[in-house]
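Please keep the sequence and the model in view while reading.

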Amino acid sequence: MNETPIAYELAKKQKEISVAEFFTKNRHLLGFDNKRKALLMSVKEAVDNSLDACEEARILPEINVEIIQMSEFKYRVIVEDNGPGIVKKQIPNIFAKLLYGSKFHTLRQARGQQGIGISAAVLYGQLTTGRAVKITSRVSKKEASFYYELNIDTQNNKPSILKEETVEWQKEHGTKVEIDLEAEYLKGNQSVDEYLKQTAVINPHITIIYTNPKSEQVIYARATDKLPDEPKEIKPHPYGIELGMLIDKLRWTESRTLQRFLTSEFSRVGPGTAKEICGHSGILPNTKPSQVSRDVAEKILEGIQKTKIIAPPTDCLSPIGEELLEKGLRKEIKAEFYCAASRSPSVYRGNPFLLECGIAYGGEIPKEEKANILRFANRVPLLYQEGACAMTKSIMETNWKAYGLQQSGDSIPIGPVVIVAHMASVWVPFTSESKEAIAHYPEIIKEIKLALQECGRRLGMYVRKKVRISDQIERANMFEKYIPEVADSLSVLTGEKKDKILQGLQKMLVKPEIKKEIIEEDSDDKLYKMEFGKKEGGES
């Protein structure tokens, strides 16, 4: 008797899983693991998309965010922008198809990377309320506004259009999205309120009008009319290529020779550098890419590592800059001292990146609490997984005692201080798809520390001067307190009138003027920046 092997029975059960179906069961990977966080992620993804669209179209962003509570755990999130709008045929794919976007294959700084964000928020809303997402969009006043109601076909990862029509809309161009979802609204460090406030800090060119579920409206007005520099797209740098990626590129390239392949597919590789790579690899420059085997590709990779290739271009980045970062801090945080530092671009795995740090000290910031750490990547706040982030690790490993703050070992410093760290990169190495923490690459940690130390030195100068002024004032107050008794004694000893002695002693009393000293401190700080810049340039 012939029995069918069990493998054939098991094979009948095996089938392809769509990406939408996968994330339906694993939504925690995208950051939708509890009701409170789901509300934040939905707002975040919609706002990030709006900001990217506005900046690409060179429009100063004005974004309306409204959260309406419909029942205890049911909310409606409405995000409306003044961006360029979305072409009609692209609306269903952008909002109702996972892994669909324009930035995954593009090497330049952008908030979105994977084409998952907004469609993941739509998927979560669909799963928890069963309601469709509503989108209104218009590309110009000469064209009509389009309205869609969409669901996601999770088995096929395709949009399911429930309603499609032309509507009247007062905006000349822009997009409005409405998502109903199961959520919970709470204020605090990991809330929508905090996300929008931090977004306003790190993006001083935007205006956000926010209405919370309690119908309280907050307006974060822009601090500058200057848009960030538009980042340019670059090609991969040879130092960041891996063997499998190199083999794929060799297979699909249209170049007819290896030399042409190297110059056309990578940045910073000219004909001379390509010949040098071929020489170090022991391969002829006119070799056909299609004839390159795995072993030969490995030799090419070794040849790349042996060749000195200049760092990738950095016009693919759009940093905030020291001046605007400081403006953002001043706009939203009430302190008495502000400073910011921006590092020169560096590279990890062939990807250009740049670190910026800022500090706000004193004023209304709590004195006896841990430092408030604000982490950002490509101008987006990171509110979760603080302990797993390279930025937090760098802050903890910096010696803040030298800069006038309390610190116990490798821990977060204590004092009236807000520390800002921002990473701008063509590809931020997040630890997960939810984009909440930055991976611990040594090159990144080194740059964060150097930026923190630069800010720390300026903070230390300020704190020491402030302590010195306080000591001088305390001594002057003590002297002033005993002037009458000293005058009495001197009058008895010298026979002079007490009033005359009092006048003389009061003339000797000089109290430092706090305001004047702070102005002088600012002047010193500018001189320090000039001097530090010279030293920094000399060292590098």
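The crossing of α8 and α9 is right-handed. The model in which this crossing is seen is a predicted one. The points below begin with the helices, then turn to a pocket and to the cavities.

**Packing of helices**

- Helix α8 covers residues 258-265 and helix α9 covers residues 271-281; their axes come within 9 Å and cross at roughly 125 degrees.
- Angles from 65 to 115 degrees count as roughly perpendicular and those over 145 as roughly antiparallel, and α8 and α9 are therefore oblique to each other.
- Helix α7, made of residues 243-252, packs against helix α10, made of residues 294-306, at an angle of about 115 degrees.
- The axes of α7 and α10 lie 10 Å apart, and the two helices are therefore roughly perpendicular to each other.
- Where α7 passes α10, the crossing is right-handed.
- Helix α7 also meets α8: the axes of this pair come within 11 Å and cross at roughly 110 degrees.
- The helices α7 and α8 are therefore roughly perpendicular to each other, and α7 passes α8 in a right-handed crossing.

**The second largest pocket**

- The second largest pocket holds about 720 Å³ of space.
- Its lining consists of 26 residues, of which Asn189, Glu194, Asn372, Leu374 and Val418 are the closest to the centre of the pocket.
- Three elements each supply at least two residues of this lining: α6 (192-202), β12 (372-377) and β14 (417-425).
- Sorted by class, the lining of the second largest pocket comprises twelve nonpolar, five polar and nine charged residues.
- Domain 1 (19-220) and domain 3 (322-455) each contribute at least three residues to the lining of this pocket.

**Cavities: the largest**

- Rolling a probe the size of a water molecule over the atoms shows where empty space is left.
- In this structure there are six cavities of 30 Å³ or more.
- The largest cavity contains about 190 Å³ of space.
- Asp52, Glu55, Gln109, Ala110 and Pro231 are the closest to the centre of the largest cavity, among the 16 residues that line it.
- The lining of the largest cavity has ten charged residues, together with three nonpolar and three polar ones.

- About 70 Å³ of space is found in the second largest cavity.
- Twelve residues line the second largest cavity, and the closest to its centre are Arg111, Ala377, Val380, Phe430 and Lys435.
- The elements α3 (35-56) and β13 (380-382) are those that give two or more residues to this lining.
- Six nonpolar, two polar and four charged residues make up the lining of the second largest cavity.
- The lining of the second largest cavity draws at least three residues from domain 1 (19-220) and at least three from domain 3 (322-455).

Note on methods
Residues numbered from 1 in each chain as written. Predicted model: local features only at pLDDT ≥ 70, side-chain atom pairs only at ≥ 80, totals over all residues. Heavy atoms only, no water. 1 Å grid on protein atoms, 1.4 Å probe; cavity = no way out; pocket = protein on both sides within 12 Å on 5 of 7 lines; lining within 4 Å. Points joined across faces, edges and corners; volume = space filled by probe spheres on them. Helix = DSSP H or I, 4+ residues; strand = E, 2+ residues; numbered from the N terminus. Nonpolar A, V, L, I, M, F, W, Y, C, P; charged D, E, K, R; others polar. Domains from an automatic or database assignment. Axes fitted to C-alpha atoms, helices over the stretch in contact; angles between N-to-C directions. Parallel < 35°, antiparallel > 145°, perpendicular 65-115°, else oblique. Left-handed = near helix turned anticlockwise from the far one by under 90°.
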